[in-house]
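Hi everyone, thanks for making time. I'd like to walk you through one structure today, so let me put it up on the screen.

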Amino acid sequence: MWSDSILDILFFIIIGVALGFAAGFIPGFSSENLSLLLVTYGIVSTNYYLVVTVIAVEISYSFFGFLSPMIFGIGNEATSLTIDNAYSDLTEDALKRGMETVASGGLVGILISLPLLFFAEDVYPLVYNSLKPLVGWILLSLCVYMVWIERDWKRKFFAATIFCLSGLVGLLIKNSGIIPSDYLLLPIFIGLYGFSSLISEKHREFYSLQDIAWIKKARIAAIAFIASMFASFVTGMKRGQTSSLALRIGGISKREEVLFILSAISLAFTTLSIFVLSSTGKVRSTLAYDIQEIMGDIYFSQTVLFVGSVIVSACISVCALILLAKPLGRALSRINGKYLKVFGFFICVLLIVNFTGVYGIVLAFTTTCIGILSSRLRVRSTHLMGVLLLPSIVAMIL
Amino acid sequence: MSFISIKFLMILDSIEKSKQITLLIFILAVIGLTAIYFAVINIKPMELKIASIEDSMVDRLVKINGTIDYIRKSKTNNFYWTVSDGSNITVPILDNKFKKLSVKKGDSVGIIGLVTLYNGELEVMPKEIYVE
């Protein structure tokens with residue numbers, strides 16, 4: 001009986017990893033869209049198995065989600081904020097090395113977050129409640145800092161404009177009732193990071209990736225750990241902003257190190273969000289939101305099962321990533337990226353129309369314009385997160 | 001109006017093409033924002049009796065009137081009102097601007113908010129509160 005359940009769980013993890021892998025190939029599409037479909041249509045009937053599948057989708061996409069930005073230059077909330085240029089003219093070897101870097105970074109991300117599982121129940125409620133009155137001010141300071149570090153006054157002005165425009169969208173739409181709250185982020189993120197990068201012309205260069213020395217890996221892991229911990233305490237901080245801050249404060253600029261820390265933070269943040277949900281009931285990531293939607297409140301024993309699913313999903317994804325690196329590189333050289341982009345575009349339009357109707361299209365159109373604007377004005381796409389941050393800051397401070 | 005249009009076209013003509021496209025995208029973003037604004041302000045809440053609120057109304061904007069039967073304060077400093085007009089519904093007060101309202105048990109209130117489902121229970125998440 002017990003072994004049957006384990007086999008079932010393993011089966012759904014493999015299904016989830018395969019879906020996450022497929023999503024990684026579709027430019028403009030993300031694991032959030034896929035999870036939304038799974039949760040909405042309840043394709044997996046048992047709640048536990050549905051959660052396990054969603055976890056596997058999110059975790060595998062955290063690895064495979066780097067394929068689209070590396071190959072096509074089209075990223076998502078976590079990757080597009082910091083990977084500005086696609087690796088065009090990507091050779092098989094360069095892709096293999098890139099994927100290995102992502103794999104090792106992701107594994108490090110999970111490893112550094114695991115020990116916290118045993119302290120989460122005590123530490124998170126305490127720190128969360130102590131920080132709560134300050135969170136609005138912390139977020140405001142971080143937003144001002146991100147604008148401030150743009151290189152000249154013109155860029156600072158553009159960055160502030162992009163932040164305010166996207167923030168205005170968030171303020172207008174929050175609790176407006178024009179779009180069901182479960183699907184509210186769908187047109188916003190597809191517009192900001194999907195359509196806008198599908199449409200924008202990116203400057204493309206080829207970068208060779210070097211090996212990272214162990215001592216440097218340890219330093220980056222420590223930075224990723226501190227950044228993810230910090231982000232898990234601060235409502236409104238997402239993986240992209242956390243990575244941008246970590247890169248800036250840690251002085252990390254080499255391509256291979258950027259990939260390593262992005263992957264580490266992405267996986268650590270996702271894993272920690274499960275701990276935060278279990279210990280405080282607060283939602284800190286899309287995965288945590290899906291888990292809460294499906295299960296309601298979760299207990300420590302369930303958290304352990306979910307963390308187990310995270311580890312197994314990560315191991316399967318890493319094996320697939322390393323094994324498939326070479327054949328993928330070969331196959332990709334034959335695929336016409338334009339067709340994939342058009343395919344991604346139509347899938348996203350269908351999702352928006354289906355879940356959010358005409359208002360969703362208007363919202364996606366507006367956020368696409370703001371996304372393209374940020375790309376044309378050459379400011380960090382971190383400022384686009386004003387869509388979530390400004391409403392949070394207003395609600396917390398006022 | 002036509003003078004403004006001509007003036008605008010003259011300004012546009014003096015700007016190089018790449019900047020024109022950027023300006024055009026900015027204008028489109030502002031038009032989109034304006035459309036969203038009008039969509040949001042034109043949504044009228046349905047005035048309902050609490051008993052008639054059901055699961056299918058989740059995410060709809062509604063208006064309810066009633067008296068505060070009970071006020072609960074959570075550990076995280078949020079308030080939960082039980083509002084009654086014969087039937088009861090929970091109104092979570094999470095927003096700081098509503099926390100500052102001085103209300104007590106027995107006060108009559110009008111609430112415009114979104115119907116939400118939390119842990120299997122229907123709630124009205126307030127957007128506007130009128131204390132009568």
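Taken over C-alpha atoms, the centres of domain 1 and domain 2 of chain B are 41 Å apart. Domain 1 of chain B covers residues 2–41, and domain 2 of chain B covers 46–131. Please keep in mind that this is a predicted model.

Now, how do the two chains meet? On the chain A side, 26 residues are in contact, and their partners are 24 residues of chain B. Which elements of chain A give two or more residues to that side? They are helix 8, spanning 153–173, and helix 15, spanning 337–376. Helix 15 of chain A supplies the largest share, with 10 residues. If you sort the side of chain A that touches chain B by class, you get 18 nonpolar residues, 7 polar and 1 charged.

Let's move to a pair of helices inside chain A. Helix 3, residues 47–64, and helix 13, residues 286–295, have axes that come within 10 Å and cross at roughly 170°. An angle over 145 degrees counts as roughly antiparallel, so that is how helix 3 and helix 13 of chain A run relative to each other.

And which residues make that contact? From helix 3 of chain A we have Asn47(A), Leu50(A), Val51(A), Val54(A), Ile55(A) and Glu58(A), and they meet Leu287(A), Asp290(A), Ile291(A), Ile294(A) and Met295(A) of helix 13. By class, this contact between helix 3 and helix 13 of chain A has 8 nonpolar, 1 polar and 2 charged residues.

That's my tour, and I'm happy to go back to any part.

Conventions. Residues are numbered from 1 along each chain as its sequence is written. Chains are lettered from A and ligands numbered from 1 in the order in which they are written. This is a predicted model: local features need pLDDT of at least 70, side-chain atom pairs count only at pLDDT 80 or more; totals for chains, interfaces and linings use all residues. Two residues are in contact if their C-beta atoms, placed from the backbone, lie within 7 Å. Helices (H or I, at least four residues) and strands (E, at least two) are DSSP runs, numbered from the N terminus. Ala, Val, Leu, Ile, Met, Phe, Trp, Tyr, Cys and Pro count as nonpolar, Asp, Glu, Lys and Arg as charged, and the others, Gly among them, as polar. Axes are lines fitted to C-alpha atoms, for helices over the stretch in contact, and angles run from 0 to 180 degrees between N-to-C directions. Angles under 35 degrees count as roughly parallel, over 145 as roughly antiparallel, 65 to 115 as roughly perpendicular and the rest as oblique. Domain bounds come from an automatic or database domain assignment.
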